[in-house]
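Hi,

Here is the structure I said I would pass on. Have a look at it first, and then read my notes below.

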Amino acid sequence: MKVLVIGTGAREHALCRSLSQDPAVTELHCAPGNAGIARVATLHPVDQLDGDAVTALARELGADLVVVGPEAPLVAGVADPLRAAGIPVFGPGKEAAQLEGSKAFAKDVMAAAGVPTARSYVCTTEQEAAEALDAFGAPYVVKDDGLAAGKGVVVTSDRAAALEHAVACGRVVIEEYLDGPEVSLFAITDGTTVLPLVPAQDFKRALDGDQGPNTGGMGAYSPLPWAPEGLVAEVLESVLQPTVDELRHRGTPFSGLLYAGLALTSRGTRVIEFNARFGDPETQVVLARLRTPLAGVLLAAANGTLGGLEPLRWSDEAAVTVVMASEGYPAAPRTGDPIEGLDAAEADGTAFVLHAGTKAGPDGGVLTAGGRVLSVTAVGADLAEAREKAYAGVARISFKGGQHRTDIAAEAAR
């Protein structure tokens, strides 16, 4: 099988790493990719938001499967011309991807499907936003209606700051605050059958102790030893399957990766948000535990034959990933600095390094090229061992002004 992965981040590196280990994959390509992905896949320059360009590249390569990683190409409709050309693609079309592209659309789908979520208002004026904030009270939750790369959400007890964010975004969803721990649950679907993966938890805030600004994610771990028994089955029945069924009934079937961000509240499980693709950095730990070869699963989703697959096989081991970010991230990340110690971090097989914001330097080295630079990932017998290995890898890597959290999975590992 020839596979083409679209994207540039650590999520795409994790996908490429797993696909490169699949005996069924004879050729692996990535567009545009990054310096780390180049070690396992052939890179190609392409505008990942241009569906015609992506389709032309897939045709030129003779790709048997195209995997669209990031949300922006999916919401832009890159999967649609691929499907129209008869090329199997993992990822929803433009209309179904609005589940992530518009918070208001997602709320409408959830209401129609009876999916438990926070009460909310869609606001387009300052007066509407002010009234919604007062209706719910603090803490205030304000979400940009469109894509914001994981950073469009403000949760604050400062009403003025919440209103300022609402006005700056224009169209927002303001909703009640959901208490309780958060869980990320991915599911692969062909539009009918829904195949849940293992749960993970990520860390959104930039600083230790969940302080600092919201980010795209600073680390993740799996499994969740504290998660209630039967959680996956419950979410499949009450959230994932009804959502997929509702979209199919609307004539916009969702095929690809459905990501449910959940809050385990005092009143039961509630959906915080949906994403239309693998989450980053949770993908790094979920795929590290997957034992079933990945390519056949993604192809079955693309071809509508997911129902015929054997159950997925998972490692009993734990996985932890720690994100190393640039100085100034998330507001104004510094880029262009040499990264030292990449080979040392992987030398003894303790950890593996997935590249996010990197590029090849003129001297053959690797330079920082984004806010989140690397995801250092490790697997161990339990969370404590996986965590120790991941941080040992982090300690061997350096670049000017680099930052990371020191408490990823710390509480769960105790």
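Let's start with a sheet: four strands make an open, antiparallel one in the order E6-E9-E7-E8. Strand E6 (120-123) and strand E8 (153-156) are its edge strands, each pairing on one side only. From one strand to the next, the twist averages 20 degrees. This is a predicted model, in which local features need pLDDT of at least 70 and side-chain atom pairs count only at pLDDT 80 or more, while totals for chains, interfaces and linings use all residues. Residues are numbered from 1 along each chain as its sequence is written, and side-chain values use heavy atoms, with hydrogens and water left out.

A few terms before I go on. Helices (H or I, at least four residues) and strands (E, at least two) are DSSP runs, numbered from the N terminus. Two strands pair if DSSP finds at least two bridges between them. Contact, or touching, means heavy atoms within 4.5 Å. Axes are lines fitted to C-alpha atoms, for helices over the stretch in contact, and angles run from 0 to 180 degrees between N-to-C directions.

Back to that sheet. E6 and E9 run antiparallel and are joined by four bridges; valine 122 has valine 173 in E9 as its bridge partner. Two helices pack here. Helix H7 (residues 126-136) touches E6, strand E7 (140-144) and E9, and its direction makes about 165 degrees with that of E6. Helix H8 (residues 159-169) touches E7, E8 and E9, with its direction at about 15 degrees to that of E7.

There is also a parallel sheet. Five strands form this open sheet, in the order E3-E2-E1-E4-E5. Strand E3 (42-43) and strand E5 (89-90) are at the edges with a single partner strand each, so one side of each has no neighbour in the sheet. Strand E2 (residues 27-32) pairs with E3 in the parallel sense over two bridges, and histidine 29 stands opposite threonine 42 in E3. Helix H1 (residues 10-20) lies across strand E1 (2-7), E2 and strand E4 (65-68), running at about 170 degrees to E1. Helix H11 (residues 294-303) packs on the sheet too, touching E4 and E5, and its direction makes about 90 degrees with that of E4.

What about the protein as a whole? It has 14 helices and 22 strands. Its radius of gyration is 20 Å, close to the 22 Å that the globule rule gives for 414 residues, so the protein is as compact as a globular protein of that length. (That radius is taken over C-alpha atoms, and the rule is 2.2 Å times the number of residues to the power 0.38.) The C-alpha trace spans about 55 × 45 × 40 Å along the principal axes.

A cavity is a set of points, on a 1 Å grid over the protein atoms alone, where a 1.4 Å probe fits but cannot get out; lining residues have an atom within 4 Å of a point. Points are joined across faces, edges and corners, and a volume is the space filled by probe spheres set on them. The count comes to four cavities of 30 Å³ or more, and about 70 Å³ of space lies in the largest cavity. Which helix gives the largest share of its lining? H6 does, with four residues. Helix H5 (94-101), helix H6 (103-113), strand E9 (172-175) and strand E17 (268-275) each supply at least two. Among the lining residues are Lys143, Val173 and Phe274. The lining divides into six nonpolar, no polar and six charged residues.

Lastly, some backbone details. Serine 222 and proline 223 are joined by a cis peptide bond, with omega about 5 degrees; proline 223 lies in the loop between strand E15 (219-222) and helix H9 (231-249). The bond from tyrosine 329 to proline 330 is also cis, with omega near 10 degrees. Aspartate 210 has a positive phi of about 55 degrees although it is not a glycine.

Cheers

Notes. 1 Å grid on protein atoms, 1.4 Å probe; cavity = no way out; pocket = protein on both sides within 12 Å on 5 of 7 lines; lining within 4 Å. Nonpolar A, V, L, I, M, F, W, Y, C, P; charged D, E, K, R; others polar.
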